[in-house]
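Dear colleague,

I am handing over the structure below, and I would be glad if you looked through it before reading my notes. Please keep it open beside this message as you go.

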Amino acid sequence: MDPKELAQQVIDGNRRALARAITLVESARADHREQAIILMDALKASNRVALRVGLSGTPGVGKSTFIETFGMMLIREGLKVAVLAVDPSSSRSGGSILGDKTRMELLSREPHAFIRPSPSQLELGGVARRTREAVSLCEAAGYDIILIETVGVGQSETVVSQMSDLFLLLLAPAGGDELQGVKRGIMEIADMILVNKADGDLKAAANRTCADYAGALRLIRKRSYDPEGYPKAMTVSALQDNGLTEAWTDMQTLIDWRRAHGHFDARRARQAEYWFAQEIRFGLLGQLDREPLKSMIAQLAGQVASGDITPSHAAHDVLTALREG
Ligand SMILES: Nc1nc2c(ncn2[C@@H]2O[C@H](COP(=O)(O)OP(=O)(O)OP(=O)(O)O)[C@@H](O)[C@H]2O)c(=O)[nH]1
Ligand SMILES: [Mg+2]
């Protein structure tokens, strides 16, 4: 199909076209890539701007339950919700969010929700590009909120925060007063920390954990793109639907402030620059995986190992061949 026509169908809100378009951007085939670029260019005509919300949290913290409850709340408010995932395939045993559809039972049956499972068998670079382009596709298709989930291993939080307007970190109540080994870097990219499972026996622990994190957040350097009181920590119960309305209000307050002060657009502009640089890097690295360079590298690796050629000489030869195409 003509990619421009496909783009128009996406903009018209055709779900099957949206699914097909995402499949196209997932493909690594050179001809598909060319079509995907035409497709992505044609989406600009929609001029739609969704709210992109990144969501990270360790396995079992309640991400799927949160997306189900939060997503249904947004839909009750008349909004359209898309759910995507960045899930480097090695990090998980298969299922990804498709298996999680049991935890998103109501949402997955909603006509105003679109849930796209993570592609498997892609390295982080491929997953990142697919998800970033899928975000734009969902935005052009008229979804108001795009939730981008990641289980948060390695670099995937960075990847997700680089495609979000707002980044949420979901935590579980801790037993003691330790800060659950959350890395400082993650704290620094979080706009809101939601301590989930604040219900039943876990409620007191959730409140303590929340207070600990609120304290830790106050120690982080004030960020120019935040209003007073952000980043903030709060408790929620995704299971019992407690605190989610408040969390949504706080998210909107933050985003409204950022929009009014130019930070929303500035962040997207920085992200576009970041992805431009990343695409060039991935593209160059990809060339090393293709013939004739692939064989050349394999052969030189043997010679480097046996001491017949120095590593820098061998690398120089590869880079020369790359430059001369
Ligand atoms: N008590 C309580 N349990 C919850 C809450 N949210 C989720 N759970 C439970 O925690 C378990 C894990 O929830 P999931 O939503 O599957 O967690 P997840 O973060 O998606 O987990 P992965 O997909 O494995 O990364 C399930 O048994 C949920 O019922 C909550 O607010 N309160
Ligand atoms: Mg899950």
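What follows is a short account of what was found in it.

This is a predicted model, in which local features need pLDDT of at least 70 and side-chain atom pairs count only at pLDDT 80 or more, while totals for chains, interfaces and linings use all residues. Residues are numbered from 1 along each chain as its sequence is written, and chains are lettered from A and ligands numbered from 1 in the order in which they are written.

The pLDDT is the predictor's confidence in each residue, from 0 to 100, and its mean over the protein chain is 89, with 90% of the residues at 70 or more. Helices (H or I, at least four residues) and strands (E, at least two) are DSSP runs numbered from the N terminus; confidence is lowest in helix H5 (residues 96-99), at a mean of 49, and highest in helix H11 (residues 244-260), at 98.

Seven strands form an open sheet with parallel pairing, in the order E3-E2-E4-E1-E5-E6-E7, where two strands pair if DSSP finds at least two bridges between them. At the edges are strand E3 (113-115) and strand E7 (232-235), each of which pairs on one side only. Strand E6 (residues 192-195) is joined to E7 in the parallel sense over four bridges, and Leu194 has Met234 in E7 as its bridge partner.

Further along the chain, the axes (lines fitted to C-alpha atoms, for helices over the stretch in contact, with angles from 0 to 180 degrees between N-to-C directions) of helix H13 (residues 293-305) and helix H14 (residues 311-324) come within 10 Å and cross at roughly 170°. H13 and H14 are therefore roughly antiparallel to each other, a label given to angles over 145 degrees, whereas those under 35 count as roughly parallel, 65 to 115 as roughly perpendicular and the rest as oblique. The residues in contact (C-beta atoms, placed from the backbone, within 7 Å) include Leu293 and Met296 of H13 and Ala314 and Val318 of H14.

Some backbone details also deserve a careful look. The peptide bond from Tyr230 to Pro231 is cis, with omega near -5°, and Pro231 sits in the loop between H10 and E7. Another cis peptide bond runs from Glu291 to Pro292, with omega near 5°, and Pro292 belongs to the loop between helix H12 (263-288) and H13. Asn47, although not a glycine, has a positive phi of about 55°.

With best wishes

Terms used: Contact = placed C-beta atoms within 7 Å.
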